[in-house]
Amino acid sequence: MKSRIFIFIFLLTLYSCRKDERVQTIEQVVKEWTGKTVLFPEDVSCKMMGRDTVVPELFQRPYKILLYVDSMGCTSCKLRMPEWKKIIREADSIAPGQIGFLFYFNPKSSKELEFLLKRDHFDYPVFIDNENHIGKKNHFPNDISFQSFLLDKNNRVLAIGNPSMNPRVWELYKQQITGTKPVDNERKTSVELAASGIVIEGLEVGQVSHAVFVLKNTGNVPLVIHDIKSSCGCTIPLWERAPVKPGEETRIRVEIKPEEPGYLRKTIEVYGNVPENISLIVSGTVK
């Protein structure tokens with residue numbers, strides 16, 4: 001019981017922001033899913049590099065990480081295969097043979113999915129769930145941030161959140177797997193933004209556009225940016241990796257290559273030695 005309370009409070013800390021409605025949503029999702037058992041269908045084909053395969057050992061491991069990707073929205077934005085490859089490598093190093101990764105995809109286009117997996121050289125088994133059997137059995141949250149789960153050997157949810165989108169969620173997963181508790185002795189600083197949102201004019205499908213965010217370190221210790229995550233593979237953040245001294249500025253350059261026409265709104269999360277994640281937003285209309 002104490003463990004569940006710790007998970008609940010820690011997850012709220014991970015996802016907390018200034019908008020009360022967002023915090024309420026997170027609270028509801030965490031309370032609903034922590035301890036819940038995920039049901040797996042038996043008639044979903046498993047493939048590896050486009051070929052049929054069988055992987056019963058993945059379901060028998062002490063811990064499993066489930067990623068569910070539905071057919072809504074931008075598929076490449078949701079897959080984030082390069083990030084998952086990094087997570088799998090680290091998982092194999094901290095807990096060899098203890099963690100099974102279960103990738104369940106309900107693609108709107110099997111050909112597009114196959115192309116994306118080959119493009120990213122993703123050679124881990126994936127489950128192609130064309131009929132969305134797992135989604136119908138479990139009724140997962142609609143928010144892609146909550147369509148990934150850490151499960152125990154009995155498929156009960158230990159933690160919820162997408163570690164490929166939020167490195168602090170991955171830290172929580174590792175803490176649950178290794179039995180350690182978070183220790184944060186890093187000195188914090190404060191940041192001032194010239195603008196937290198930028199509207200880009202003249203966006204076109206397949207054409208690269210840019211936005212530049214200016215951050216000023218207003219604290220008393222150097223600003224260290226640990227990582228920056230975008231909500232979509234079509235949005236790539238670039239930044240200077242060196243610490244930013246107090247009183248100085250740094251720039252985050254965002255490259256955007258839209259994949260479809262319509263309204264575009266992407267979020268970039270900056271993780272560093274600041275009390276809260278820094279959220280940046282790029283938006284515009286794609287022709």
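Colleague: Which residue in S15 is the bridge partner of Leu264?

Modeller: Gly284 in S15 is the bridge partner of Leu264. Keep in mind that this is a predicted model.

Colleague: How do S14 and S15 pair, parallel or antiparallel?

Modeller: Antiparallel. S14 covers residues 262-272, and S15 covers residues 278-286. The two strands share 9 bridges.

Colleague: How many residues sit between S14 and S15 in their hairpin?

Modeller: There are 5 residues between them.

Colleague: What holds paired strands together in general?

Modeller: Backbone hydrogen bonds do that, and the pairing can be parallel or antiparallel.

Colleague: What about S11 and S14, how many bridges there?

Modeller: S11, residues 225-230, pairs with S14 over 5 bridges. That pairing is antiparallel too.

Colleague: Which residues of S14 stand opposite Asp227 and Ile228?

Modeller: Tyr271 stands opposite Asp227. Val270 stands opposite Ile228.

Colleague: What is the strand order in the sheet of 4 strands?

Modeller: The order is S9-S15-S14-S11. The sheet is open, with mixed pairing. S9 (197-199) and S11 are the edge strands, so to speak: each pairs on one side only. From one strand to the next, the twist averages 15°.

Colleague: New topic. What is the order in the open sheet of 7 strands?

Modeller: That order is S2-S1-S5-S4-S3-S6-S7, again with mixed pairing.

Colleague: Which strands are at the edges there?

Modeller: S2 (51-52) and S7 (157-160). Each of them pairs on one side only.

Colleague: How do S1 and S5 pair?

Modeller: They are antiparallel, with 3 bridges. S1 spans residues 45-48, and S5 spans residues 126-128. One example is Cys46, whose bridge partner in S5 is Phe127.

Colleague: Where does helix H5 lie?

Modeller: H5, residues 81-94, lies across S3 (63-69), S4 (99-105) and S6 (148-151). Its direction is at about 160° to S4.

Colleague: And which strands does H8 lie across?

Modeller: H8, residues 167-178, lies across S3, S4, S6 and S7. H8 runs at about 10° to S6.

Colleague: Last one. Where do side chains point in a regular strand?

Modeller: They alternate between the two faces of the sheet.

Terms used: Residues are numbered from 1 along each chain as its sequence is written. This is a predicted model: local features need pLDDT of at least 70, side-chain atom pairs count only at pLDDT 80 or more; totals for chains, interfaces and linings use all residues. Side-chain values use heavy atoms; hydrogens and water are left out. Two strands pair if DSSP finds at least two bridges between them. Contact means heavy atoms within 4.5 Å. Axes are lines fitted to C-alpha atoms, for helices over the stretch in contact, and angles run from 0 to 180 degrees between N-to-C directions.
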